[in-house]
Amino acid sequence: MKRIFSHVIKIALVLAMIICWVLSIGYTNRLTSVKNTFNIYFDKEEYLPADIYKMQQEEKDKDNPLTFTGWYEKEKQSILNNNFNRTIESNIIFICGNSYLVAEGPILFEDDIKGCLIDEETAYKLFGSNDVIGNTIIYDNREFIIRGIHRAMEDTIIMQAESDSKDKIQGLLIDISNDGIENIKLISERYGVKEYGVNSTVYYNLGKMCTSLLPLIILLIIVCSALKKALEIKDRPILFILSIIMIILWITAFFFITKYKISIPVDILPNKWSDFDYWKKFFQECMDKIKYVIYMKKYMIDIYVISYLGKIALCTIITIALFFINIRNIKIDSMKELFIAILALFIITFMAICILKESIFINNSSAVIWLICPYYLLYRYVYLIRERFLNKLLQ
């Protein structure tokens, strides 16, 4: 009985680790919608929706048009479902332009004044279901048709701003997927936009850094232990060279599984490495940006991204803690035990994805979810075989 209970606990711990691992990757993938946007905040400059629409119209006539969406928020607005006579309070983001820069999911086009996008939680509050496309809601005595469910802020409805609205634009989201930071300079040159902004790619990169911790820890464990053993036999050149080759193969297999790419952004490199003033200036600019992000007023567009980062960090910490607990519990002494352990991992991973399928988005990250833990177990078995072989050889 104790043995069965022990196995159940081990399986539960592995399942909890995989669930947290999948959640952290899923939340990070949700941030892909912001990774190619730059958000300029208007604290002093005053723009109306009509100004943004005029800027967009001017861009259509240019050879190199810029894509951007203006936005402003209103909190706790009264929304009515007239059919069910149900009223709730919801936040509203009014946009000037296509919605794809604001939220992932169905697109609300710039000329769709009568349409709106809602989140899943708001759909359930108003209709008791997420099958709401085509239904209508009432806001400010106006009827809006639900075009789809976005995957971004909770308790938030997205609508197009009317061109004659007198509400002030709070920010400008700019698409930087093609020409990067050059688009920001062009916006400033063409329209005199000079307010400070935040490159939303930073949020996505922070999420990626968190989800990369577990694989990198696994790689570090493998490389350090393999290198330690290689140094123990450095007086045997052939065995030492074979050990180094094996380390290279394990590193190659790691990057094949994770699809990680090592690169240094060109725009952070000086023209001359001896230009020490550049590094001082670059460091100061980075510190100023960090301070700005920390102390700036947080809007709903920022809060939901920051909340995702918090979830990613928490899930990552739990995943790493459970990983070290599980590697102490899982013993691999034979090919049979290796096969059973890897098969169990695949089954548990399948269970975790089935449990979370409604709340995650794993796209091309699935390979690392399925293979990184079996990769580590395979190393442990190969390491065990290598130790047995070396012991016999050295005897």
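Lys-76 is exposed, with a relative accessible area of 61%, where exposed stands for over 50% relative accessible area, buried for under 20% and partly exposed for what lies in between, with a 1.4 Å probe and protein chains only. Lys-76 belongs to strand β2, which covers residues 68–81, and its phi is positive, at about 50°, although this residue is not a glycine. The model is a predicted one, in which local features need pLDDT of at least 70 and side-chain atom pairs count only at pLDDT 80 or more, while totals for chains, interfaces and linings use all residues. Residues are numbered from 1 along each chain as its sequence is written, and side-chain values use heavy atoms, with hydrogens and water left out.

**Overall architecture**

- The secondary structure of the protein amounts to ten helices and nine strands, these being DSSP runs numbered from the N terminus, with helices (H or I) of at least four residues and strands (E) of at least two.
- Taken along the principal axes, the box filled by the C-alpha atoms of the protein is roughly 90 × 65 × 35 Å.
- Of the 395 residues in the protein, 43% are buried.
- When contacts (heavy atoms within 4.5 Å) are taken between residues at least 6 apart in sequence, 79% of them join residues at least 24 apart.

**Surface and charge**

- The protein has an accessible surface of about 22400 Å², and 61% of this surface belongs to carbon and sulfur atoms; accessible areas come from the Shrake-Rupley method with a 1.4 Å probe, and for residues only the protein chains shown count as cover.
- There are 45 positive and 43 negative side chains, and the centres of the two sets lie 13 Å apart; Lys and Arg count as positive and Asp and Glu as negative, whereas His and the chain ends are not counted, and each charge is placed at NZ of Lys, CZ of Arg, CG of Asp or CD of Glu.
- Ile-238, Ile-241, Leu-242, Ile-245, Met-246 and Leu-249 make a nonpolar surface patch of about 580 Å².
- Patches are made of residues with over 30% relative accessible area and no salt bridge, with like charges joined within 9 Å and nonpolar side chains (Val, Leu, Ile, Met, Phe, Trp, Tyr) within 5 Å.

- Leu-213, placed in helix α5 (residues 201–232), is partly exposed, with a relative accessible area of 38%.
- Leaving aside neighbours within four places in sequence, Leu-213 is in contact with Thr-316 and Ile-320.
- The C-alpha atoms of Leu-213 and Ile-320 are separated by 8.1 Å, although the two residues are 107 residues apart along the chain.

**Salt bridges**

- The structure holds ten salt bridges, a salt bridge being a side-chain nitrogen of Lys or Arg within 4 Å of a carboxyl oxygen of Asp or Glu.
- In one of them, the side chains of Arg-147 and Asp-112 meet at 2.8 Å, N to O; this pair links distant parts of the chain, 35 residues apart, with Arg-147 in strand β6 and Asp-112 in the loop between β3 (86–96) and β4 (115–118).
- Arg-147 counts as partly exposed at 35% relative accessibility, whereas Asp-112 is buried, with a relative accessible area of 15%.
- Another salt bridge joins the side chains of Lys-125 and Asp-155 (2.9 Å, N to O); Lys-125 lies in helix α3 (residues 120–127) and Asp-155 in the loop between β6 and β7 (156–160), so the pair ties together parts that are 30 residues apart in sequence.
- Lys-125 is partly exposed, with a relative accessible area of 34%, and Asp-155 counts as partly exposed at 22% relative accessibility.
- Lys-229 forms a salt bridge with Glu-387, with the closest N and O atoms 3.6 Å apart; the pair links distant parts of the chain, Lys-229 in helix α5 and Glu-387 in helix α10 (residues 366–394), 158 residues apart.
- Both Lys-229 and Glu-387 are buried, and salt bridges that share partners join Lys-229, Glu-232, Arg-386 and Glu-387 into one network.
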